[in-house]
Number of protein chains: 6
Amino acid sequence: MLLHHASWPEVEAYLKRCKGIVIPIGSTEQHGPNGLVGTDAICPEVIAAEAGAESGFLIGPTFNVGIAQHHLAFAGSMTLRPSTMIAALNDWIESLTRHGFDRIYFLNGHGGNITTINAAFAEYYANFSLDAAACPVRLSQRNWWELPGVGDTCRNLFPVGDGMHATASEVAVTYYAHPQAVKTVEMSPKIAPTGSFTDAADYRRNFPDGRIGSDPSQATAEKGAEIVAVSRGALIAELTAFFGVQPLARAAE
Amino acid sequence: MLLHHASWPEVEAYLKRCKGIVIPIGSTEQHGPNGLVGTDAICPEVIAAEAGAESGFLIGPTFNVGIAQHHLAFAGSMTLRPSTMIAALNDWIESLTRHGFDRIYFLNGHGGNITTINAAFAEYYANFSLDAAACPVRLSQRNWWELPGVGDTCRNLFPVGDGMHATASEVAVTYYAHPQAVKTVEMSPKIAPTGSFTDAADYRRNFPDGRIGSDPSQATAEKGAEIVAVSRGALIAELTAFFGVQPLARAAE
Amino acid sequence: MLLHHASWPEVEAYLKRCKGIVIPIGSTEQHGPNGLVGTDAICPEVIAAEAGAESGFLIGPTFNVGIAQHHLAFAGSMTLRPSTMIAALNDWIESLTRHGFDRIYFLNGHGGNITTINAAFAEYYANFSLDAAACPVRLSQRNWWELPGVGDTCRNLFPVGDGMHATASEVAVTYYAHPQAVKTVEMSPKIAPTGSFTDAADYRRNFPDGRIGSDPSQATAEKGAEIVAVSRGALIAELTAFFGVQPLARAAE
Amino acid sequence: MLLHHASWPEVEAYLKRCKGIVIPIGSTEQHGPNGLVGTDAICPEVIAAEAGAESGFLIGPTFNVGIAQHHLAFAGSMTLRPSTMIAALNDWIESLTRHGFDRIYFLNGHGGNITTINAAFAEYYANFSLDAAACPVRLSQRNWWELPGVGDTCRNLFPVGDGMHATASEVAVTYYAHPQAVKTVEMSPKIAPTGSFTDAADYRRNFPDGRIGSDPSQATAEKGAEIVAVSRGALIAELTAFFGVQPLARAAE
Amino acid sequence: MLLHHASWPEVEAYLKRCKGIVIPIGSTEQHGPNGLVGTDAICPEVIAAEAGAESGFLIGPTFNVGIAQHHLAFAGSMTLRPSTMIAALNDWIESLTRHGFDRIYFLNGHGGNITTINAAFAEYYANFSLDAAACPVRLSQRNWWELPGVGDTCRNLFPVGDGMHATASEVAVTYYAHPQAVKTVEMSPKIAPTGSFTDAADYRRNFPDGRIGSDPSQATAEKGAEIVAVSRGALIAELTAFFGVQPLARAAE
Amino acid sequence: MLLHHASWPEVEAYLKRCKGIVIPIGSTEQHGPNGLVGTDAICPEVIAAEAGAESGFLIGPTFNVGIAQHHLAFAGSMTLRPSTMIAALNDWIESLTRHGFDRIYFLNGHGGNITTINAAFAEYYANFSLDAAACPVRLSQRNWWELPGVGDTCRNLFPVGDGMHATASEVAVTYYAHPQAVKTVEMSPKIAPTGSFTDAADYRRNFPDGRIGSDPSQATAEKGAEIVAVSRGALIAELTAFFGVQPLARAAE
Ligand code: NI
Ligand code: NI
Ligand code: NI
Ligand code: NI
Ligand code: NI
Ligand code: NI
């Protein structure tokens, strides 16, 4: 069930059975010559939506602009400052716990978000820890590509050139989700360089077309469908454990 | 063109022709017994997406959680604190202007956002005004229901009970956008009460099922389609004037 | 009664009869060739002071620097950033509610403040709404020129060229309040242009002498007296309703 | 000249002769059984206004709510948090320096403000120091009771029981400034206890009627006039030195 | 060379040869029954100090309170909120870069700090990235136990029960650094449990004596000496590469 | 007892006997030609450590970077912004009070910190004062050179040229604490000028080698030992009074 497609009485009813919710969290940033700027938001969003439809677990809105300062030398990339993101995530968390949600699972689509999400969790827990109060809420984050089985699937599909940014896998997932947005671009070099980076100028100097280590011209909607299918199942299994509730009867929608 | 479906070279090319972008901005909050929690985000999102597809103007990601503290007594509602929203909007704006965007148009779907968006604009302009520098960027916000012609259309479709919150119009737009989420609920009373509110407890006391002045059981996807069609045209006309650029050849997608 | 002229035992006694207080809130910003930089603070201050003297309702200190980034290209204008103003207003509100004040009425003198005041209110209410607690306090803001009857009075006095900024009305009120500060300046053009603005440079470009749509050379202390008299009465009526208490015996002072 | 009573062209003209401005800064807090809640704002305000009228130096608006958390157990007291006050003072300073003011003199009326004003200055200077830029602006604060000659005057007038808070001197100054607000209250004990304090509860426990070490029943408007006269002269001398400009021809007003 | 033991002319001279500096960064938090509350600060401090003495590279002050909200149920633990730590680290970084330092290497002693340090780096880089300016500074963090060779050394010394928190290795390092603080405590159970945690109450419930997976009763000053020796060499090698400068002649001290 | 050298059970045991703790607080800033950059942190640290060892009172970690924006024109100086320091100090205070510490004594080594520490205290107390709650905690700060007897000792040792910054006294204390860091530098002029300052550029212009009014070439480790001995005794006496507990049996270490 998607929170955005539910009415409040439906959410109220859901909370009687389950106090868990998934927040897809991504980024708005360049993904190389043929990748979508929305890739990191789209991937967790589509995986979560499919898992929510199958399981009945509730899927919240997508946190769609994250930490992408290093991508800002490429047109269309957007970033929050980490301190802003910590504040925003805490407002999201406080809103949800107010209703009784006590298991909030962030399905993350962007490596650059991980540390700030973790810092935001510590900011939230600190309210309780400094107060000598026990926090009734558990927060969790998971990168979709680290769900059990997903890494193997991606390596099978793209034994060479899956890469680290603008990966063949993530581009494939977005092509599956939005086939009308498929782009055909020749990669040059075939496989992008690898390395590290600091700010946006440094990133662009090191990775001139935005990719790191990848050949995303291998991406197809079909391969994306396979990745999503594996991810969906793995996500449902994780949620079942984390929420401590069996998947619900499928929502009406 | 949707920013999330574009590649960075496509955005770079767009910027050579036009420096304007639309940001749909909404809220995640209860919309009565048959309205979607995502209504205020979905409405500007669908109108902007259709206008972007027709005109080629660029549509950014949706800012999907806004100022909704007064709805928090209804399950599923989420809010930012205004100070958080000001910080987040300024990060969005600074990201976009970094690429050369100098006309940013927020298409708003939630009355409760208006004042904080305006404050965020003042926060941004103040950087320049305090610096004795001329700001090269113009920011604009518009409620979709105030686009020319939209009010008349809604009044024609719903002469009685369109209302102020969980309006028949906005619910109709979401039913058009997401027909699988249509909900059939009998309203009681037929038309909700009107009045004012302060915090969440006060709101719920005054408006027990969340609606203000509306009978959204009148909403249908067909009526929503009509509203979107009028809104789309009016939005393109506004953007043409604000961006100072004629609608572009339709994007490939 | 003015809070600044009261002793704490007098305030304590007041609180036994009434839990309401008025905060005049304005701005320090240019008001054209013959208008005072303090106009927007002086107007609500004088109206509130007279209403307080007549009714016995308590009038707090004037919040005298507001959101005026757009006026900074004119010497003497001062601004807060909106995020600062939200923090400051919340400290004022928390201070007052600590003593038991539960109706705080901001009498506003500056259009540019409206949205940030509203955001500050939402920031305050959010503390309760996110906590699932009912807020015992009601906050209200009102522009003095929108008090019942004031608009008509101004239109009668200045049928042409009252304008939008550095209005004949507000200048008249300040001349009444501070007759020693009356300034005689020929306006050129007679009536200032109208339009919109963004930052300070844009404002000055559009409105070279600071006025918008007004001819404040019509202002006189006598006309100001008339406006204040109408405003005072209307304010007392509003406070009586909002505070839920009849005007008190006039304070000793 | 009062900034609030000047027009922007008058301020512009002033800046050609002098780049200095005085900001009276006080507090809104209890001042014992017969002292005004506004005492700490009124004292610097009246001294500065008289000095400004005599010298032509420019006097800005009064910063009227300061650091008074320790007074909050007495009705009517208001406080800013120090972090808020630092932000607000920096906005005031940045606004003024934008126009070319490069000597800003805070005439302080409240001991509790001193450290936060100093911290605000460091916050401002740090912008330059961290940037390796030379700051063209000098900030200064002075307690009015420490102006040369004022301490002697107060000791002469009140050889016994001038005290530390709700002093006879400051109450006298307010009685001079606002004779209609004079209050006759018997003090018990005649002279209040002395000591230290932490938060508001601790303060009230130690100083049950709000005074520290004072017998303000000695205050009269006449004695206040004498204090103001000495303070006015001393202030003009200090401003002449700090601004590096001789007192200007008296402003028209 | 220790910054705290250098004079400013010595630092100025250093900067002519090398623009790199090391900041030891740790935490103040419980480390089980026989571990020091300062363990995570002491470890990087002693390793950095020895490396600095041998190589002449500059070692700054220790950032000694970090992110330890989860340890607050054990007496003596202290934490910063992540948002505070981001602000503080940025002030440290801006101070250092002001002098020309362009390689800042944080030698970290606490796993809980990693994500917030990373977020602080992004906060710093974002200033440049949003400004379309190239950042001349490179920031790096490294956990001391991940320096090349250190893990092997620890595994050799403590093949069983080195653990994850209050590890035998880190306790050994502190015993070497401060032999007068060695504590002899029997562990029960011999090896602590492992698992995850959220806030402080959850941590204490899961790990009753504070240890995770470790038997720190194996720690001795001798073993600590060995770990420090390996760490010192590995650190010098890393700094040589990161600073791009050969180790300097040993400082006079 | 040093917190950093204690285990949590030792701290827990301490809290049963005493709820007081000392936090040495200093700065990292230039101290003239022969003074250490760490002087202001080292002085309170060594005095507190010796007092803690003798008395058994608990000594926390040193807050080692303070308000030193005015020293940034000299290499190696570091600063926090005052707003950052207020936030950090409040996190330290909240951490300690969480464990039951209710007397926190900051032994300060840097004049520039005083006002911001005081503001931080007001920020902390305001939480209680605005809440109408009594604060159970007392915060205190003391400059080590103002401990009873210390001023006399310093004047005896250095009748001429002790000075105001980079004083002979404080340099002597650091030479006692770290004899390997003694530096022999001829002072020119013998005694540094005195005066005031604003930002870093102004400071360096007025005080070219960093000293104010001092001749620190008089400093020796022996004189430092004498100062520390007097300070240690005076500190123990103050703590005994402030904590309301007799010095404890000396800790094991
Ligand atoms: Ni990605
Ligand atoms: Ni709506
Ligand atoms: Ni006005
Ligand atoms: Ni006072
Ligand atoms: Ni550790
Ligand atoms: Ni010093």
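The following dialogue reads selected features of a predicted model.

Me: What conventions apply to the numbering and to the values?
Reply: Residues are numbered from 1 along each chain as its sequence is written, while chains are lettered from A and ligands numbered from 1 in the order in which they are written. In this predicted model, local features need pLDDT of at least 70, side-chain atom pairs count only at pLDDT 80 or more, and totals for chains, interfaces and linings use all residues; side-chain values use heavy atoms, with hydrogens and water left out.

Me: How many helices and strands are there in chain A?
Reply: Helices (H or I, at least four residues) and strands (E, at least two) are DSSP runs, numbered from the N terminus. Chain A has eight helices and four strands. Along the sequence they follow the pattern α-β-α-β-α-β-α-β-α-α-α-α.

Me: What does the radius of gyration say about chain A?
Reply: This radius is taken over C-alpha atoms, and the globule rule is 2.2 Å times the number of residues to the power 0.38. For chain A the radius of gyration is 18 Å, close to the 18 Å that the rule gives for 253 residues, so the chain is as compact as a globular protein of that length. The C-alpha trace of chain A spans about 55 × 40 × 30 Å along its principal axes.

Me: Which residues of helix α6 of chain A are buried?
Reply: Buried means under 20% relative accessible area, exposed over 50%, and partly exposed in between (1.4 Å probe, protein chains only). Of the 253 residues in chain A, 65% are buried. In α6 (residues 168-177) of chain A, eight of the 10 residues are buried, so this helix is largely enclosed by the rest of the structure. The buried ones are Ala168(A), Ser169(A), Glu170(A), Val171(A), Ala172(A), Val173(A), Thr174(A) and Tyr175(A). Their cover includes α2 (39-55), α5 (150-157) and α8 (221-243) of chain A.

Me: Where is Thr167(F) found, and what is it in contact with?
Reply: Contact means heavy atoms within 4.5 Å. Thr167(F) is found in the loop between α5 (150-157) and α6 (168-177) of chain F. With a relative accessible area of 11%, Thr167(F) is buried. Neighbours within four places in sequence aside, Thr167(F) is in contact with Asp162(F), Ser214(F) and Pro216(F).

Me: What rotation superposes chain D on chain F?
Reply: A rotation of 180° with 0.0 Å of shift along its axis does so, at an RMSD of 0.0 Å. Thr115(D) is the residue of chain D that comes closest to the rotation axis, at 2.1 Å (C-alpha). Here 100% of the interface residues of chain D are also interface residues in chain F, so the copies meet through the same surface.

Me: How far apart do the closest C-alpha atoms of chains A and D lie?
Reply: They lie 17 Å apart, and no contact joins chain A and chain D.

Notes
Least-squares fit on C-alpha atoms with pLDDT ≥ 70 in both.
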